[in-house]
Amino acid sequence: MVELKFLGMDFGCALGSLSKGEFPETDCLLPLISKLLGYAIVAASTTVKLPQILKILQHKSVRGLSVVAFELELIGYTIALAYCLHKGLPFSAFGEYAFLLIQAIILVAVIYYFSQPLGMKTWMKPLLYCAVAPTILAGQIDPVLFEALYASQHAIFLFARIPQIWKNFQNRSTGELSFLTFFMNFAGSMVRVFTSLQEKAPMSVALGSALGVLMNGTILSQIIIYQKPTPQKEKKRD
């Protein structure tokens, strides 16, 4: 069998079977699908938060958005990226965290900008993050503490969504939340459950993705349920 590898993906097995008029076996096809989906998620993640950022900039409003939710999400992405780098997982298994982290930083900055005036406590948060995040991303902390941080990361993502879900429920509105952003988050989490299991990532990684399916799916449902009906134009009377 001729090996045909690209970015860690072995196409030789699948192409060899297809050239013989046979359907590739599961052991051959699933790893390839997992890698392709993994890179697809990484590619899509480069723009996943862009609709939310653009919606805020367009309306110049953060109405209905929970600032705490997006701050916690930023912390969660930082820990998740640092942990995956520390574990030496293949880029296709976690690469989206790098792009999501960059976009999350921009998104929080935009939310702060349109949440003026900001108190001293709010200004202290980004300063503290800038002081601690580089150490975590570099993996320069005790391994036991690292595992504890990653274990807490699931709780962080959970509590990052709960304030937003509760705020949506109270307001019976999702404000400036972007449907497209949360749809991509939901779809990405579903795919990541499969790729995490296929890539033999730690079970905690797969559980985190499953939690993402639940939380993002809940907010996505709220956006659909609470969306305002488009006003119909009155017909002109003769």
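Begin by selecting helix H4 and helix H8 (179-198), each of which supplies at least two residues to the lining of the largest cavity; helices here are DSSP runs of H or I of at least four residues, strands are runs of E of at least two, and both are numbered from the N terminus. The model is a predicted one, in which local features need pLDDT of at least 70 and side-chain atom pairs count only at pLDDT 80 or more, while totals for chains, interfaces and linings use all residues. Residues are numbered from 1 along each chain as its sequence is written, and side-chain values use heavy atoms, with hydrogens and water left out.

**The cavity**

Next, select Lys49, Gln52, Phe70, Glu73, Leu107, Arg161, Thr181, Phe182 and Asn185, which line the largest cavity. A cavity is a set of points, on a 1 Å grid over the protein atoms alone, where a 1.4 Å probe fits but cannot get out, and lining residues have an atom within 4 Å of a point. H8 gives the largest share of this lining, three residues. The space in the largest cavity is about 40 Å³, where a volume is the space filled by probe spheres set on grid points joined across faces, edges and corners. The structure holds one cavity of 30 Å³ or more.

**Salt bridges**

Move on to glutamate 96 and arginine 192, whose side chains meet in a salt bridge at 2.6 Å, N to O. Glutamate 96 lies in helix H5 (residues 96-113) and arginine 192 in helix H8, so this pair ties together parts that are 96 residues apart in sequence. Glutamate 96 is buried, with a relative accessible area of 6%, and arginine 192 counts as buried at 3%.

Then select arginine 63 and glutamate 176, which form a salt bridge with their closest N and O atoms 3.6 Å apart. Arginine 63 sits in the loop between helix H3 (50-59) and H4, and glutamate 176 in the loop between helix H7 (143-171) and H8, 113 residues apart. Arginine 63 is partly exposed, with a relative accessible area of 44%, whereas glutamate 176 is buried at 6%.

**The end of H4**

Follow H4 onward to glycine 88, which lies just after the helix and takes a positive phi of about 70 degrees.

**The surface patch**

Finally, select Met120, Trp123, Met124 and Leu127, which form a nonpolar patch on the surface with about 490 Å² of accessible area together. Such a patch joins nonpolar side chains (Val, Leu, Ile, Met, Phe, Trp, Tyr) within 5 Å, from residues with over 30% relative accessible area and no salt bridge, and accessible areas come from the Shrake-Rupley method with a 1.4 Å probe. Tryptophan 123 lies in helix H6 (residues 120-137) and is partly exposed, with a relative accessible area of 47%.

Notes: Patch = residues over 30% accessible without salt bridge, like charges linked within 9 Å, V, L, I, M, F, W, Y side chains within 5 Å. Salt bridge = Lys/Arg side-chain N within 4 Å of Asp/Glu carboxyl O. Buried < 20%, exposed > 50% of the residue type's maximum accessible area, 1.4 Å probe, protein only. 1 Å grid on protein atoms, 1.4 Å probe; cavity = no way out; pocket = protein on both sides within 12 Å on 5 of 7 lines; lining within 4 Å.
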